[in-house]
Amino acid sequence: VTMVPGGGVPWLRDDGSGRSGPNWRSTSRRGRGQDILQTLIALGPHPSQSAVGTACRPCFHFWRSNPRAATAVLTGLAKRALWDVSTKVLRLMLEEGVDVNHFHFTSVISACEKKGKWDIALSVLSTMKHRLVLPTEVTYNAAMSACGKGGQSSVAVDLLREMPSEDLFPDSISYNTAMNACAFSGLWQLVLALLEEMNLKKLPKSVSTYGSVLTTCASAKQWQLAFATLRQMDAQLVVPDTACYSAVITALENRWDDAVQLLREMSTEAVEVDEICFNSAISACCSCMQWPKAMALTLQMEDSLCAANGIIWGTVASAMAPEDREALAERLRRRWRGNWQEVKLMPEVFKADATGLRVVRRAAGMLAFYKPAGVSSEAAVASLSHRLRLPLTRASRLDGDTSGVLPVALGKLTSP
């Protein structure tokens, strides 16, 4: 990881003196902290340095003798993902001679992490070292998570490798964070290598650990590895959840019998079967022309809390075509056309995620979404499919360095 000396990092650049402000006082220390936090929140996500200075000015004397008060403010900003405000507060603290410790720096990095601002997080980490403030495992974990959300999986792994040189020992959370970053980028070989490191170090593994492995194996169509990992969870006494089973069933797109068997296993183990599990198993049956089994699963899906939408009925109808079941298929298509609007989207998908990806428009059987620069079309579609819990087929593509709007079809390529 290339670090930048503290004096030259972007978040330390001044855009106003911030050295004037009202001399207000709170009636108590806690009240003072709450007042300054609310004042900073009210400034919005990207205030000027001078506005932040005006708000913070009355607290510096108190913070010099009570650094914990500043920690509370920075923690409150981090919880609200106000990374720009946090970095500007930290800059002023350094200028005003407040004793800045690892809690302060880590809180600011955590704020950056929530928005995937990996470059700013690394700059803060660099400044931390430049100021001879020792980072902790929590600091590095937050920085790795920021890199993962920013699509910088290789940088996250570099940070993991760097920890021992700082006399820090990566724990299970550190490895899980690095594995999540690699899973987001589809680097299944690296995820498996990190899992093997955890085994060698005898680090405890959780559902989150195996979830990263299963998700990336499913995306890479590595069904054998996904299936073996699921069975490894049993040996390690880690109970798979719905997401774990869902990832494996998704990987079994040409092994319908195994997919159906896993659905039965979920029912036996009292694990909730969600729409992705049903969709993937039905798609596996249809791809193998097992339309009677696909129809049975679709009806079972409708009897459960999961509603079968037009995508599913259309996929089943398509599987019937080679067997001259056109009359029955046409009945399903009519049902399918009437069900397109049953594909419900949560309002949050129209808001940008940590990478800036968001749905901008929807129509019957189609979506259009904004792809930010720095993310490949394939990775963006995979991320959106996971977020919507729906299969998607890319109708166009953009280069990784290009931002723009991409159309996608709801359903797999074989859907009618």
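Trainee: Which residues does Glu272 touch, and what makes this a contact?

Mentor: Leaving aside residues up to four places away in sequence, Glu272 touches Thr242 and Met266. The word contact applies because heavy atoms lie within 4.5 Å. This is a predicted model, in which local features need pLDDT of at least 70 and side-chain atom pairs count only at pLDDT 80 or more, while totals for chains, interfaces and linings use all residues. Residues are numbered from 1 along each chain as its sequence is written, and side-chain values use heavy atoms, with hydrogens and water left out.

Trainee: Where does Glu272 lie, and why is Glu272 called exposed?

Mentor: Glu272 sits in the loop between helix H15 (256-268) and H16. Helices are DSSP runs of H or I with at least four residues, strands are runs of E with at least two, and both are numbered from the N terminus. The relative accessible area of Glu272 is 58%. Buried means under 20%, exposed over 50%, and partly exposed in between (1.4 Å probe, protein chains only); Glu272 is therefore exposed.

Trainee: What makes S1 and S2 a pair?

Mentor: S1 and S2 are joined by 5 bridges, again in the antiparallel sense; by the rule already stated, they pair. Here Arg362 has Leu367 in S2 as its bridge partner.

Trainee: Why are S1 and S3 described as standing at the edges?

Mentor: The open sheet has 4 strands in the order S1-S2-S4-S3, with antiparallel pairing. Strand S1 (358-363) and S3 each have a single partner strand, so one side of each lacks a neighbour in the sheet. From one strand to the next, the twist averages 35 degrees.

Trainee: How do you know that H20 packs on the sheet, and how are directions compared?

Mentor: H20 touches S1, S2, S3 and S4. Axes are lines fitted to C-alpha atoms, for helices over the stretch in contact, and angles between N-to-C directions run from 0 to 180 degrees. On that scale, the direction of H20 makes about 160 degrees with that of S3.

Notes: Pairing = 2+ DSSP bridges.
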